[in-house]
Amino acid sequence: MDADWDELSRQLLPPPGGQSVPTVVTALAFDSSQELLWAGNGYGRVTSFYANNLQKYTSFRAHPPSEGAVHQLLFNEKGVIALGARGVHMALRRGPPVWPHISAEDMRDLRCMSFTSKATSEILVAGVQDTVFVIDTNKGEIVKRIPTSHHYIKMKKGRYICAATTDGNVHILDPVKFNIIHKWRAHSAFINDMDVQQDFVVTCGTSLKQPAATYMLDPFVMVFDLKNLATMPPIPFPPLAAYVRMHPRMLTTGIVASQGGQMHVVDLLNPNTSNPTEWPDEEVPPPHIDWTENTPLNSIALYQSVEISFSKYGVDDFDFGFYNMTRYAGLENHIANSYANSLLQVLHFTPLARKTIQGIPSVLTLNVPVAEHRDNELEQRMLWANPGWLPEEIGIIVDNGSFFCYQGEDLKLHLQRGVHNIQVYSLIGLSVNIESGSPQKSHLGALSPGSVDTGSNHKPHLVAMVNVAHAEPSPPGDSQWHLFNDFSVKPVSAAEALTFNARWKMPSVLVYQLKTANNNLDTEWVKNIDTSVLHIDFKPDATEHPYRTLDPITERPGPETTVALDTEFVLAKQSEVEMKSDGVREVIRPNFHALARVSIVRGEGEDEGLAFIDDWIQVREPVIDYLHSYSGIKPDDLDPRNSKHCLVSLKVAYKRLWVLLNLGCKFIGHGLKGDFRVINIQVPKAQIIDTIDLFYQKNYRRKLSLKFLAWYLLKEGIQVDTHDSIEDARIALKLYKKFLEFDDAGITKMMLNEIYRAGDSVGWKPPGSNTAASEQQAAVQRSPTPISEAPSTPVKESNAN
């Protein structure tokens, strides 16, 4: 192998359960679709951990302790399946069971399970017993019992189901009929570990050594070719092979490990070219942390910088909902000027900052001073680290040109006396500098020998601490501090928000607002919005109009107004891709698409379906690809010298959308969440009616395209030669009306089942659809990022346009 293999991180695995002492892990598996590591213990408990820092995600009891250990874990889109000795349990990744625990009298010593030819909807369960079970994972029922004379301890699925027996054999089973196709003698005693990938089976096991009559691990890995049902040359491994796994992407690459931790990366087709992995010296375990109310939350990486994992779809399939389970919007950090995210969040929750300030300052924005000399800076940092140094309320008196500031008991005393005209300000929020990384170590090393944070390798960044209670319509009574770390938003206590650390956490900007203005939200401005931009025809001299602007007297949009929207984009910047040593392509910067066309049609009334906006945007960035087969846009369409369309500036197009948004209009469309993300505009969930979600069957991992739904439900063919955003908006409107018909008749679920059955039969495309156009369309998918209602973890979905 030419690639270098290094250890990325090493973590102590937390106890996988509620036991008073750590327990032995009896089952360990990576989630097949989400960034979770799952572990089962000897008491029937299953626990999941997130990311490489092993942050605990969920923990639940899969089996009673009397049933013994968890032997194996499997995953599908619904949840996790745990196998115990006498039962099978399936639960959501959040913990609640999917169906009741399955157990039976003839389940005595179950050891292994595998999915069958029916994908993840059916499992085959076996063990050291005379009965094999077939279980429907959708219904949670045993659908078949198969008598057997063979006892199985491990089971994996590739081209066939491969089952390891107690006597060192591997049986190749038909995934449909479950009969034995072939028997392979892998090891003379028993099989210790087995893995299957595509056409290969790899095993490591033991042999009985004489004259001591003891079992000893074999110094090789056995390989079997499933395609030809033939044994391949074994792979030597002198340290004695204890564990073996196939690489998830490199189909002919295996990883072998000994009981002592030595690892080899091997090529199955060239067994003599193996590279032992060089391991670093063993790390000293981190010191024990005594948790108290004052323990800084950086110990669990709450403040670490968060980054978006880009895929070929950009950010569309990144699950932002996992990082933000609140009702407040986070801000993405991969776009220009995102360094200002923290200050924008603080000002957003400062209502008076949105008004014209006159007279006595209503909002105080204070920069925390930075000392010129290092000694003074250390002294300042130590002052900020004192508990209670930053007050949540201050009082200001201006007397004869002098400025006096009070807090705490002094402020209460002045308020009680009432002698001076004192203005009381509330702390709305602050921008906080998180200093994590090597520069901090050298700069602050003089604080104390043990004061430098050596456990963090994250770059310095800014976060916002905001007391959102002051921006609520009515006072909630208690403070509601939240941490806004770009797109990660989490509630925190007031003590955590206002406690600083001289080593890594220091305030940068403070924002105070007059206390009398708290919870005094101005909603009258909506009534005074200038809507004239909606009634202007920017192409009055056109010979043909595919639209008619709104009548300023009879057509006034409001909260009860529904409109249908579709947008088109052009490619302005190509993505940057880095090729890793293992052949994996990593997207460093996603494609950047510029808004090129916005079409909005009326959603109701006599002119339902008639467009009132069809803006073609004059793109200022150099266009790399007009994506004509996807967008329907040609170079002349956006050229002011040649365009026959209503060509407007990006500012005008944004303002029209902004006016409709703030008037409370509801937007109907297909894949709108993705469109709004690319446009970079935040639209409340209550104002989005997305037909891609209305016609989505949750037990499928596929969302249906507008073209297919139009063909099946409306009997209309669209996007035949090119795309037209007005046509797409009208189709989305018709689909919404069709959904309302289904919902009113109470047949929505039945119709969704029929739609998905029809889609499966035609390959999810209308008969005769243009394959080339479909491929071009797939290159710039606009799939939505789900708005999560419950805890979730990042998952890659296959979404249609």
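This is a predicted model: local features need pLDDT of at least 70, side-chain atom pairs count only at pLDDT 80 or more; totals for chains, interfaces and linings use all residues.
Asp486 is found in the loop between strand E31 (481–485) and strand E32 (488–491). Asp486 has a positive phi of about 55°, although it is not a glycine. Most residues other than glycine have a negative phi. Asp486 is also buried: its relative accessible area is 13%, and the cut-off for burial is under 20%.

Trp764 can be read alongside it. Its phi is positive too, near 65°, and it is likewise a residue other than glycine. Trp764 sits in the loop between helix H12 (748–761) and helix H13 (771–778). Trp764 counts as buried because its relative accessibility is 14%, and burial means under 20%.

Now the chain as a whole. Its secondary structure comes to 13 helices and 41 strands. The chain has 801 residues, and 49% of them count as buried. Take the contacts between residues at least 6 apart in sequence: 57% of these join residues at least 24 apart.

The aromatic residues come next. A pair of aromatic rings is described by the distance of the centres and the angle of the planes. A search of the whole structure finds 21 aromatic pairs. One of them is formed by Tyr50 and Phe322, with 4.5 Å centre to centre and 50° between the planes, a tilted arrangement. This pair links distant parts of the chain, 272 residues apart. Tyr50 belongs to strand E3 (residues 45–50), while Phe322 belongs to the loop between strand E25 (270–276) and helix H1 (341–348). Tyr50 is buried, at 9% relative accessibility. Phe322 is buried as well, with a relative accessible area of 11%. Another aromatic pair, Tyr756 with Trp764, is edge-to-face: the centres are 5.7 Å apart and the planes make 70°. Both Tyr756 and Trp764 are buried.

Tyr50 and Phe322 also belong to one aromatic cluster, together with Tyr57, Phe320, Tyr323 and Phe487. Elsewhere, lysines lie over aromatic faces. Lys573 is over the face of Phe592, at 5.9 Å from the ring centre. Lys703 is over the face of Tyr696, at 5.0 Å from the ring centre.

Strand E18 (residues 200–209) shows how strands pair in this model. Strands of a sheet pair through backbone hydrogen bonds, either parallel or antiparallel. E18 is mostly covered, with eight of its 10 residues buried. Strand E17 (residues 191–197) runs antiparallel to E18, and six bridges join them. Within that pairing, Ile191 stands opposite Gly205. E17 and E18 form a hairpin with two residues between them. Gln198 lies in the turn and has a positive phi of about 55°.

With strand E20 (residues 220–225) it pairs in the antiparallel sense over four bridges. There, Phe200 has Asp225 as its bridge partner. Strand E19 (residues 214–217) is joined to E18 by four bridges, again antiparallel. Here Thr206 is the bridge partner of Leu217.

Another sheet is open and has four strands, in the order E13-E14-E15-E16, with antiparallel pairing. Which strands stand at the edges? They are strand E13 (152–157) and strand E16 (180–185). Each has a single partner strand, so one side of each is left without a neighbour in the sheet. Neighbouring strands of this sheet are turned by 20° against each other on average, direction ignored. Inside the order, strand E14 (residues 161–165) and strand E15 (residues 169–173) run antiparallel and are joined by four bridges. Ala163 has His171 in E15 as its bridge partner.

The last stop is helix H7 (residues 650–662). It has 13 residues and reaches 18 Å from its first C-alpha to its last, close to the 18 Å expected at 1.5 Å a residue. Which residues of H7 are buried? They are Val652, Ala653, Arg656, Leu657, Val659, Leu660 and Leu661. Their cover includes several strands: E34 (562–573), E37 (592–602), E38 (611–617), E39 (647–648) and E40 (666–669). Helix H8 (672–679) is also part of the cover. After H7 comes Gly664, with a positive phi near 90°.

Technical notes: Residues are numbered from 1 along each chain as its sequence is written. Side-chain values use heavy atoms; hydrogens and water are left out. Rings of Phe, Tyr and Trp (its six-membered ring) pair if their centres lie within 6.5 Å; planes under 30 degrees apart count as stacked, over 60 as edge-to-face and the rest as tilted. Buried means under 20% relative accessible area, exposed over 50%, partly exposed in between (1.4 Å probe, protein chains only). A charge sits over a ring if NZ of Lys or CZ of Arg is within 6 Å of the ring centre and within 35 degrees of the ring normal. The expected span of a helix is 1.5 Å times one less than its number of residues. Contact means heavy atoms within 4.5 Å. Two strands pair if DSSP finds at least two bridges between them. Axes are lines fitted to C-alpha atoms, for helices over the stretch in contact, and angles run from 0 to 180 degrees between N-to-C directions.
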